[in-house]
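Please look over the structure below before reading the notes. The points after it are grouped by topic.

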Amino acid sequence: MERYQGILAYCETANGKLSPLDTELLGTGSQLATELGQSLSALLIGTDVGAIASEPLAYGASKVYVVEGPLFKDYITEIYLVGLAKVISETSPEIVLLGQTQIGRDLAPRLAFRLKTAATLDCTALTIDPATKRMLMTKPVFGGNAMAIQMCEVSPQIVTLRSKAFSPPVKDSSRQGEIIKISVAIDPASTRTKFLERKTEAVSGIKLEEAKVIVTGGRGIGGPEGFKQLEELAQILKGAVGASRPPCDNKWVSDNLQVGLTGKIVSPKMCIAVAVSGSSQHLSGYSGAKVIVAINKDAEANIFKVAHYGVVGDWKKVLPVFLAEVKKLVS
Amino acid sequence: MINIIVCVKQTTDPEAPPCSFKIDSSANRVIFPAGIPPVISTFDEYAMEAALRIKDKVGGKITALSLGVNLLRDVVKKTLSMGADELVLLEDPAFADGDSWSTAYALSMAIKKIGDYDLILCGRQAVDWDSGQVGSGIAEILGLPSVTVARKVEIVEGKARVERVIPDGYELIEMSLPGVVTLGNEHAAPRYPNVRSIMAAKRKEPIVWKPADIGVDPAMIGSRGRRVKLTRLFQSARYTKCEMVSADTPEEAARKLVAKLRANKVI
Ligand SMILES: Cc1cc2nc3c(=O)[nH]c(=O)nc-3n(C[C@H](O)[C@H](O)[C@H](O)COP(=O)(O)OP(=O)(O)OC[C@H]3O[C@@H](n4cnc5c(N)ncnc54)[C@H](O)[C@@H]3O)c2cc1C
């Protein structure tokens, strides 16, 4: 039987750099490696990822595998899957870490089924069980209403990590390691999915994921006009606007603004939640928020159970004055 | 004409108030809240809608497929009242408490038995365990291409054109058929069944299959087939003490709130 050994972190990279989530993966991976007395390797896949191949070393990896080529220009499940599966079959890691992103959440299950093992997605904590030396994987379930701790009894153990749930490691650029190229050949004619085009909406101002202040609006905002006021407030506080699901579903705002379990994960210093009831799925998105301020007309709304400051009232009456007062302070 | 299979799951109502959610941590089980009926998992309804839109345009047959125990006919028949032509249930205690692997395996075997399919649609994740793997798992088991978390699916010249959600927009992917697509809430909202179709659905009986009907080894399905073990289920108390700011008028409350946030150096 094959022996599984070591940890492999697949770093997706973004804009030619490691993403914050990539570094969180590497930090978590090195902790697990230390605990198991094994080593951490990183994997980069793309057209020109070789340029940053030494980056993961600075975050704790001792080896970096590079899979490069024009085939990997755009993300296509079946092509990336072949790359990842090849590296895994050649290196037999015990643990494979991916990010809970559009790519990670797409790859991890297919990879697990292909390798006849199992994946656990969207983990928020990982520890090693002292008795079995296998991972205990904590993940939110039931929309964040409960947490499950699971153990995978087959190897390799494949997991995706929720963004901002794990702390990034300190960068140490003096660290050395090995960089290994792995060539992957795929006949493009054999693929059954084809990338046609990408349509993106440019975000004006600060990105939600990076914002220090977020003003979120919920169903109670009632329409696109109300969001203009939220935008004004966000601008004054140098923050970004987010939304719960109903404003996105109703097209009052772009889908990209959805915060929550199936939207963006944010961790601002302050979040001002306006006319948001505080469903578990929505709150899953900003569990990292330091201070939550809630404005809601319903004193029983769940949002007040997690907020630090609250006003019970109609936002149409509360917000204009709130905005004016904040304006005075800032100017 | 295109034959579509839509996988749907009966789950607890995810929109029930958070305070109604209780677990029995000694048994690692969720206590189903009394008086709140189960529903079809949210994203599976989006998958149904995607199927119906394709059928409306190019014609075809929609088979809804659901695996579980104690499947309430009123709940699972919503697929029929929305417009599915057939409803197949994998209903047997042996199917219960599976993980993504054992569930995808049983569904794949049922899909093989249904046989004639061009497109398999699923929700991006079930709203109870939020695993998000069954669609991809079926694709891998059946050796099919897949696109996950789609906001639109169209059939163009015998192939699927799928808009795959990315953080700042979408990517258009062309997929040959047969294939699997999972849907997110970015897709057009599920339609409401009308009274006529609800009445018609009441008269139609689902087809029920047992493990033997789909030729599965009972050791590979349900809880016996699990590869992932649940070791603990708990609720994390994340409640804060909220400082409520009150005043005679909402305007005054707003002023007090800003003053308080300033005093506490929040803004
Ligand atoms: C699997 C799954 C995933 C999901 N993922 C997400 C997700 O990622 N993000 C997300 O947000 N949701 C998600 N949802 C949906 C979620 O369950 C809730 O339906 C949603 O978050 C509710 O949004 P809301 O608080 O804006 O609306 P509601 O719950 O309808 O609340 C509106 C609130 O506005 C208040 N209000 C109304 N009018 C006023 C007024 N004039 N002044 C002040 N207050 C007012 C009301 O008191 C109420 O509390 C998901 C659901 C499922 C099933």
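The model is predicted. The ligand sits in a site shared between chains, because residues from chains A and B surround it.

**Ligand site**

- An oxygen atom of the ligand lies 2.9 Å from a backbone N or O atom of Arg245(A).
- A polar backbone atom of Val259(A) is 2.8 Å from a nitrogen atom of the ligand.
- A polar backbone atom of Trp315(A) is 2.9 Å from a nitrogen atom of the ligand.

**Chain B as a whole**

- Chain B contains seven helices and 15 strands.
- Along the principal axes, the C-alpha atoms of chain B fill a box of roughly 65 × 45 × 40 Å.
- Of the 267 residues in chain B, 54% are buried.
- When contacts in chain B between residues at least 6 apart in sequence are taken, 74% of them join residues at least 24 apart.

**Domains**

- The assignment for chain A gives domain 1 (7-190) and domain 2 (208-330).
- The C-alpha centres of domain 1 and domain 2 of chain A are separated by 33 Å.
- Where these two domains of chain A are in contact, seven residues of domain 1 and eight residues of domain 2 take part.
- Chain B is assigned domain 1 (2-225) and domain 2 (237-267).
- For domain 1 and domain 2 of chain B, the C-alpha centres lie 45 Å apart.

**Asp116(B)**

- Asp116(B) is placed in the loop between helix H4 (100-114) and strand E8 (119-123) of chain B.
- Is Asp116(B) buried or exposed? It counts as exposed because its relative accessibility is 56%, and the cut-off for exposed is over 50%.
- The side chain of Asp116(B) makes a polar contact of 3.2 Å with the side chain of Asn3(B).
- Cys7(B) is 109 residues from Asp116(B) along the chain, and the C-alpha atoms of the two are separated by 15 Å.

**Cis peptide bonds**

- In chain A, the peptide bond joining Ser155(A) and Pro156(A) is cis, with omega about -10°.
- Pro156(A) belongs to the loop between strand E8 (146-152) and strand E9 (157-161) of chain A.
- In chain B, a cis peptide bond runs from Leu177(B) to Pro178(B), with omega near 0°.
- Pro178(B) is in the loop between strand E11 (169-176) and strand E12 (179-183) of chain B.

- Lys251(A) is a residue other than glycine with a positive phi, near 65°.
- The loop that holds Lys251(A) lies between H6 and strand E14 (270-274) of chain A.
- With a relative accessible area of 54%, Lys251(A) is exposed.
- Asp130(B) is also a residue other than glycine with a positive phi, here near 50°.
- Asp130(B) lies in the loop between E8 and helix H5 (134-142) of chain B.
- Which relative accessible area does Asp130(B) have? The value is 8%, so Asp130(B) is buried, the cut-off for buried being under 20%.

How values were computed. Residues numbered from 1 in each chain as written. Chains lettered and ligands numbered in written order. Predicted model: local features only at pLDDT ≥ 70, side-chain atom pairs only at ≥ 80, totals over all residues. Heavy atoms only, no water. Near = heavy atom within 4 Å. Polar contact = N/O pair within 3.5 Å; in protein donor to acceptor, adjacent residues only side chain to side chain. Helix = DSSP H or I, 4+ residues; strand = E, 2+ residues; numbered from the N terminus. Buried < 20%, exposed > 50% of the residue type's maximum accessible area, 1.4 Å probe, protein only. Contact = heavy atoms within 4.5 Å. Domains from an automatic or database assignment.
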